[in-house]
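Please look over the sequence and the model shown here before reading on. The paragraphs below then lead through a sheet and a helix.

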Amino acid sequence: MLRILLVDDEPLVLIGLQGMLEWEKLGYTVCGTARNGKLALELIEREKPDIVIADVKMPVMDGLTLARTCRERSALPAFIMLTSFEEFGYIKQAMGAGVVDYLVKLDLTPENLQTALAKAAEKVKKERALLGELSAQENLAESVRSYQERFFVRLYAGLFPDEAALEQPLQHMELNLASDAYLVASCEIIANTALTPAQQLKLSFSCGRMLETTLQNYLPCYVTGADAMRCNVLFCLTDAQCQNYRTVLRPLLERASQILYNYFTVRLLWAVGRPTGSLLGLARCCRENAHLQPLLTLEQPIQFVEVNEGDATAGKMQVVAQVQEYIQSHLSERLTLADVAAVFNFSPNYLSQLFGKYGDSGFVEYITETRIAAAKEMLEQGDLKVYEIAEKLGYESAFYFSKVFKKVTGLSPREYQQSI
């Protein structure tokens, strides 16, 4: 547990802070209180707190002097400052002293205090990591988190063939996803300034952690990074919440968006999928979200996936297009009808019927046409040998590749290359 020191010259404020949160449940323990900065400095040396919540204005030694004094000695503890003043000068001084957050007492709520603590805890973790001080338990927690992220990436990509395949990873990672219904909201993070790739990753990581901390106050959820500036939020819903999921989720997403804007000056765009009763159905949710995301704007930052009966044909054509995109990006892999159908959680017969009715060619024909088109490009570039092209396109041998190529084009690969 992270150790917290509370510092304020008003006894009622100290009492209020101690009763504001269920500290132990959140992973914190209050290791002491002090009435001024000098006494706090003595406690910091003795108790070694991870985070200090201190008033700016105090007798003997004020909060800013306390923060600067500690900063000169070490990067920790992390400081959260409280004040009755809202002048920018105080904020600027506090941030200059290495303070991670600044809260106005009149606006203090359990929610924004908890969010500030999460931000401070992140700083503590990073500083400890730099010093090689992460405990074995913390290292284990980070490893489990990493495995959970990989699990969700596979789940959203539709790489689990059936419900039985989910049981073992869920048990190993101690993930309790039992719920009446599930829903994925895909979030895009819009920064207000140009960022380097490293800065994007750091910002995305921090936003993801704060999102999870904030949203978990209201609903069970898991936040998973999708790429540098995108993440997916899995919500676990009850039947009652599922019936009115738009009404339930919109204010929560608006609230979370405002909190992240306050802390990171970022805007969030939300594509919210339809609920599903099965974890395997989440892959479909993510595909639908991906089609909705290009339509999001800062004026309409939260949109819900809508599928009407009249859109059934368009929806099935979209599915075929998504499968075609998958094939194009996996030409070097095994692409049997059964394997690709499993990726999208379809039966082989259903996928075959979709291609036959809504595609320009059948499933097998499309794969062959796509591979031959890619082979032509490679032959025209002239950088690869025939057997290398065959290998890159997933053919079992150069002989079989040449046979298929000639059947489609009327020329062998070498003849085609010579005719260019």
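Two strands are said to pair if DSSP finds at least two bridges between them, and strands (E, at least two residues) and helices (H or I, at least four residues) are themselves DSSP runs, numbered from the N terminus. The model is predicted, with local features needing pLDDT of at least 70 and side-chain atom pairs counting only at pLDDT 80 or more, while totals for chains, interfaces and linings use all residues. Residues are numbered from 1 along each chain as its sequence is written, and side-chain values use heavy atoms, with hydrogens and water left out.

Five strands form an open sheet with parallel pairing, in the order β2-β1-β3-β4-β5. At its edges are β2 (28-34) and β5 (101-104), each of which pairs on one side only. On average, neighbouring strands of this sheet are turned by 20° against each other, direction ignored, where the axes are lines fitted to C-alpha atoms (for helices over the stretch in contact) and angles run from 0 to 180 degrees between N-to-C directions.

Within the sheet, β3 (residues 51-55) and β4 (residues 78-83) run parallel and are joined by five bridges; Ile 51 has Ala 78 in β4 as its bridge partner.

Elsewhere, helix α16 (residues 386-392) holds Ala 390. Is Ala 390 buried or exposed? Ala 390 counts as buried because its relative accessibility is 1%, the cut-offs being under 20% relative accessible area for buried, over 50% for exposed and partly exposed in between (1.4 Å probe, protein chains only). Leaving aside neighbours within four places in sequence, Ala 390 is in contact with Tyr 395, Ser 397, Ala 398 and Phe 401, contact meaning heavy atoms within 4.5 Å.
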